[in-house]
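Biologist: I am new to this structure and would like a close look at one part, the aromatic rings and what surrounds them. Please take it step by step.

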Amino acid sequence: MKKFIMTSPYQPKGRLEKGIYKAADNQTLAYDSPTSFPIIASINGYVEKGEDIELITIVSDYENAKYNYELLKEEIESLSQKKGFRYTLKEVRVPYNNAINTELELFGKLIDCTEDGDTLYACITYGSKPFPLIQIMALNYAYRIRKNVSIGCIVYGAKDHNNGNMEVYDITSLLYIDETVRLMAEQKVENPTDLIKNLLR
C-alpha cells in the first residue's frame with residue numbers, strides 16, 4: 001500500500017502558512033491549489049483515481065499540533081473528493097517533549113505502521129528537529145528489513161521569507177546516497193569517496 005508519513009505542525013492557530021508550493025525539482029509534485037501541508041502535493045502527484053492509501057500523521061500531545069491535524073483532515077478529504085481515491089487516517093500520538101524515550105517510542109510506533117510490500121512517502125517539513133531523523137530511520141528500517149518495500153518520495157517544504165515564494169523539494173536521493181554509503185562500507189569498497197563524488201555529478 002502507498003503510505004504517506006508526516007508530522008502535524010506546531011504553529012499556533014492562524015500562523016500556519018498556506019500557499020501554492022511550487023515544485024522545485026520534481027514536477028510530479030506540482031500542485032496548483034493552496035495548501036498548508038507539502039504532503040498534499042505529494043499525494044496529489046503520486047496517487048491515482050481509485051487507489052487506497054494511508055496517511056500516517058505524528059501528532060504530539062500539544063494543542064497546536066492537534067488543531068493543525070484537524071486542518072490536515074479537511075485538506076485530505078477535499079483532495080480525496082477531487083481525485084477520487086480512498087484513504088485511511090492513522091494518528092501516531094506522542095508526548096510533547098524532546099526526551100530520548102519519546103524519540104525511541106516514536107521510532108517504534110512508526111516501524112509498526114509499515115508492512116511488506118509498502119511504498120512509502122514522507123514529508124519532513126514539520127515537528128521537532130529530531131522528528132525528520134526518526135522518520136528517515138523508520139523508512140530505512142522498512143526498506144532494509146521488510147520485504148518488497150520501496151521509497152516513493154521524501155519531500156520538504158520551504159518558504160523564502162525574502163520574497164514569499166513557497167517551494168516543495170524532493171530529497172529522496174539523500175536517502176539513497178546514505179544507503180549507498182552503507183553498502184560501500186559493508187563491502188569494503190576501495191576509493192568510496194571518489195565513487196560517491198562521481199554519483200553526485
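Which residues do ring pairs link into a cluster?

Modeller: Ring pairs join F4, Y46 and Y121 into a cluster. This is a predicted model, in which local features need pLDDT of at least 70 and side-chain atom pairs count only at pLDDT 80 or more, while totals for chains, interfaces and linings use all residues. Residues are numbered from 1 along each chain as its sequence is written, and side-chain values use heavy atoms, with hydrogens and water left out.

The search of the whole structure gives 6 aromatic pairs. Rings of Phe, Tyr and Trp (its six-membered ring) pair if their centres lie within 6.5 Å; planes under 30 degrees apart are stacked, over 60 edge-to-face, and the rest tilted. One of the pairs is Y10 with Y62, edge-to-face at 5.6 Å centre to centre and 85° between the planes. Y10 sits in the loop between strand 1 and strand 2 (22-23), and Y62 in the loop between strand 3 and helix 2, so the pair ties together parts 52 residues apart in sequence. Helices (H or I, at least four residues) and strands (E, at least two) are DSSP runs, numbered from the N terminus. Y46 and Y121 are both buried (under 20% relative accessible area; exposed is over 50%, partly exposed in between; 1.4 Å probe, protein chains only).

In helix 1 (residues 38-46), 8 of the 9 residues are buried, so the helix is largely enclosed by the rest of the structure. Its buried residues, Y46 among them, pack against strand 1, strand 3, helix 2 (63-83), strand 5, strand 6 and strand 7 (166-170), where contact means heavy atoms within 4.5 Å.

F4 is on strand 1, which is covered on both faces: K2, F4 and M6 on one side and K3, I5 and T7 on the other are all buried. In a regular strand the side chains alternate between the two faces of the sheet.

Strand 1 (residues 2-7) pairs with strand 5 in the parallel sense over 4 bridges; two strands pair if DSSP finds at least two bridges between them. In strand 5, the bridge partner of K2 is T119, and that of I5 is A122. Strand 1 also runs parallel to strand 3 (residues 52-60), joined by 6 bridges, with I53 as the partner of K2 there.

Strand 5 and strand 6 (residues 150-159) pair in the parallel sense over 5 bridges, and T119 is partnered by S150 in strand 6. Strand 5, helix 4 (residues 130-145) and strand 6 form a right-handed β-α-β unit; right-handed means that, with the strands pointing away from the viewer, the path from the first strand over the helix to the second runs clockwise.

Q135 lies in helix 4 and counts as buried because its relative accessible area is 2%. Leaving aside neighbours within four places in sequence, Q135 is in contact with residues including I5, M6, A122 and C123.
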